[in-house]
Amino acid sequence: MAATKIIDAPRNGHEMAPLNTRARGDGTHGVTIVLTAPQRNSVQSVDIPGNEPERAAWSGKMQFFLSIIGYSVGLGNIWRFPYLCQQNGGGAFLIPFMVMLILEGIPLFLIELGMGQRMRLGALGVWNTIHPWLGGIGISSCIVTLFVALYYNVIITWVFFYLFNSFRYPLPWSSCPLNGTGFELEECAKSSETTYFWYRTTLDAAPSMDEPGGLKWWIVLCLMLSWTIVFFIVMKGIQSSGKVVYFTSLFPYIVLTIFFIRGITLRGAGAGLMHMYTPKVEKLLEPTVWLDAATQVFYSFGLAFGSLIAFGSYNTPKNNCVRDVLLVSVCNAVTAIYASVVIFAILGFKATVNVDRCVASNTDILVKNKLLGLNDTQGYEQAMSLLNGTELTRLQLSECSLAHELDNAAEGTGLAFIVFTQAIVELPGAPFWAVLFFTMLLSLGLGSQIGILEGMLCTLFDIDIIKRVKKQHVTGVVCLFCFIVGFIFCTGAGEYWLKMFDSFAGTIGLVVVALMEMIAVIFIYGHERFTEDIFQMTGYRPGRYWQWTWRYIGPVIMVCILVSSVVFMVIRNPTYGAWNADLGMIEQKSYPNWVMGIALSMILAGVLPMPIVFLMRSFQCLKVDLDIHQGSIRRNETTASTKEMIDNDDDDDEDDENDFSGPALGGHVKTQSDFSDDEEEDKPMTMRMMMMRPTTTTKTSNVLNVPTSRKNNYKKDAYDV
């Protein structure tokens with residue numbers, strides 16, 4: 001047997017490269033092995049001096065489930081899904097939504113959650129472990145997550161501002177302010193009370209992005225409050241955030257149920273629900289409807305942020321992640337539909353009230369022009385039908401249509417801060433309902449923000465240098481940095497910047513990352529290996545549905561989303577809605593060239609790390625590389641999926657002797673007692689036997705043994721066999 005020689009191998013992230021090399025011809029294999037200490041523990045664990053800190057774990061199944069529900073079920077379920085249903089065929093939209101949920105969302109969900117649980121690492125560590133050349137996926141995911149975290153917390157900031165104002169009676173957006181002469185401000189009169197309060201009082205909106213105006217101190221204070229709260233929630237990882245999810249995950253369902261009971265008893269609720277869910281099957285022939293469904297499923301699950309990988313990494317190795325994926329997927333879809341019912345029941349009431357006001361206003365005009373009797377309430381429809389378009393314009397009569405009112409339902413911030421607030425004003429005891437509504441939005445926003453930051457921080461803590469710093473300090477620096485950068489959203493153009501970030505920073509980058517994740521797991525790590533990992537962890541072997549969606553259908557859908565996003569971005573000139581104070585309305589403006597340059601830079605920043613890391617590591621030109629679990633072989637983490645890479649000479653051995661999966665997945669860790677001297681003399685020496693065989697050495701020799709206790713840790717060493 002060749003002598004074992006200790007060398008100081010460079011740790012540049014290329015240690016996996018020689019593993020597949022064959023014999024050189026001199027009796028040696030030229031294999032470099034890097035061994036890392038295990039990371040496995042519970043939340044209650046403590047750091048032992050001289051050892052690596054152990055990995056945290058969920059304190060219970062309910063904590064994990066509520067955390068992932070709070071992350072997946074977010075603001076998009078409230079203000080995005082109802083709008084898409086309304087615009088894309090009503091109830092017919094549920095068909096493409098469910099199809100995309102089954103073919104795209106659930107398979108991708110299992111990939112991220114399963115890999116996190118299998119590797120017990122964050123996004124950066126997972127992709128470096130699969131192959132060092134793929135390390136850029138984790139970096140890209142972290143950068144895109146940072147962009148999203150920046151603007152997502154601004155929404156929480158606006159919710160705080162509205163929540164504080166909800167304790168006033170009457171609500172400040174229930175009426176227009178008066179000018180010096182005792183009349184309503186012209187700007188408010190031209191728009192509406194809620195629109196004026198949003199654009200003028202809350203945002204003090206600038207006329208364009210080129211004229212942002214100064215910082216709005218009330219927004220800065222609310223932003224500071226939101227980042228401070230987020231810091232205290234996530235400063236200790238799941239040790240602190242795991243306790244908050246019991247509120248952020250459950251409270252929105254309580255509020256939705258209260259609004260549901262109140263909403264269905266309101267006048268016009270049935271009309272709102274009929275308008276939303278009446279199926280328009282012809283809409284299914286439009287490709288954009290299917291694209292909207294695929295995009296909604298992708299973003300509603302929060303894929304590619306690295307958060308699902310982080311959540312999975314805190315699970316026990318034997319956790320049934322397949323069951324978790326199915327439960328969360330069903331809960332996500334049901335919540336979106338349930339929220340849509342609540343939203344449109346309330347909006348139906350608001351539309352009915354607006355129609356009644358419109359009819360009353362038209363009736364007064366008709367009576368003044370003697371076209372209708374003073375007490376003739378039955379002849380309104382007949383009088384309106386006798387007037388032509390010219391007369392309607394001359395008399396300044398409005399179109400009082402329930403369908404028209406319901407068609408004006410907005411999405412995003414427009415739905416939450418303009419349309420729904422107007423509906424709340426009409427409810428008896430409006431401040432109570434306003435407090436409930438904005439507390440619900442706050443819970444949904446915080447739940448998603450916790451998950452977003454947890455994914456990013458878990459990725460950072462995979463880096464050895466950062467791992468040595470206390471979590472509180474790293475979290476504080478990240479939150480402070482985000483708060484300072486967030487000043488851009490506190491100007492008069494803050495909403496315009498948020499829409500730009502939402503349109504560019506978190507779209508193409510996330511889709512590319514998700515596509516590369518699927519390629520990495522299914523085609524590089526291997527779908528057979530991943531299937532075997534799922535079987536070892538859960539006892540369930542994924543069948544044809546999973547194989548077809550992982551290998552063919554899922555990647556095709558991701559490519560379609562990516563291509564269509566790029567095409568629409570190029571064909572459609574990107575615009576944003578700027579507030580025109582003179583007209584009291586929104587007007588569309590094109591982004592300035594310098595803003596589009598920033599948008600392009602953000603897209604490139606989220607995509608380029610993947611090819612850059614691939615090229616630098618493939619050509620081994622990365623001289624200084626952070627120790628981010630460099631594709632190393634970890635003693636308790638090796639399964640049958642990587643066994644072939646370790647030892648190609650033991651294929652003929654019996655299954656039990658080849659089982660090196662370790663206790664993490666129910667396998668047996670071989671120790672010195674598993675080998676007899678006779679067996680060692682009879683069998684040809686293999687690399688694994690060299691690692692396990694006790695040898696008599698001098699004081700200068702080193703023995704590489706598999707420890708019998710999980711508490712044993714050892715430093716990284718490189719051996720040239």
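The model is predicted, with local features requiring pLDDT of at least 70 and side-chain atom pairs pLDDT 80 or more, whereas totals for chains, interfaces and linings use all residues. Residues are numbered from 1 along each chain as its sequence is written, and side-chain values use heavy atoms, with hydrogens and water left out.

Q117 belongs to helix 4 (residues 94-119), helices being DSSP runs of H or I of at least four residues, numbered from the N terminus. Q117 is buried, at a relative accessible area of 1% (buried means under 20%, with a 1.4 Å probe and protein chains only). Beyond its neighbours within four places in sequence, Q117 contacts (heavy atoms within 4.5 Å) residues including N315, P317, C321 and M537.

The axes of helix 6 (residues 135-165) and helix 18 (residues 413-425) approach within 11 Å and cross at roughly 15°, which makes helix 6 roughly parallel to helix 18 (angles under 35 degrees; over 145 is roughly antiparallel). Here W158, V159 and Y162 of helix 6 meet T413, F417 and T421 of helix 18.

For helix 6 and helix 23 (residues 508-538), the axes come within 10 Å and cross at roughly 155°, and the two helices are therefore roughly antiparallel. I137, S140, S141 and V144 of helix 6 form this contact with G509, L510, V513, M516, E517 and A520 of helix 23.

Notes. Axes are lines fitted to C-alpha atoms, for helices over the stretch in contact, and angles run from 0 to 180 degrees between N-to-C directions. Angles under 35 degrees count as roughly parallel, over 145 as roughly antiparallel, 65 to 115 as roughly perpendicular and the rest as oblique. Buried means under 20% relative accessible area, exposed over 50%, partly exposed in between (1.4 Å probe, protein chains only).
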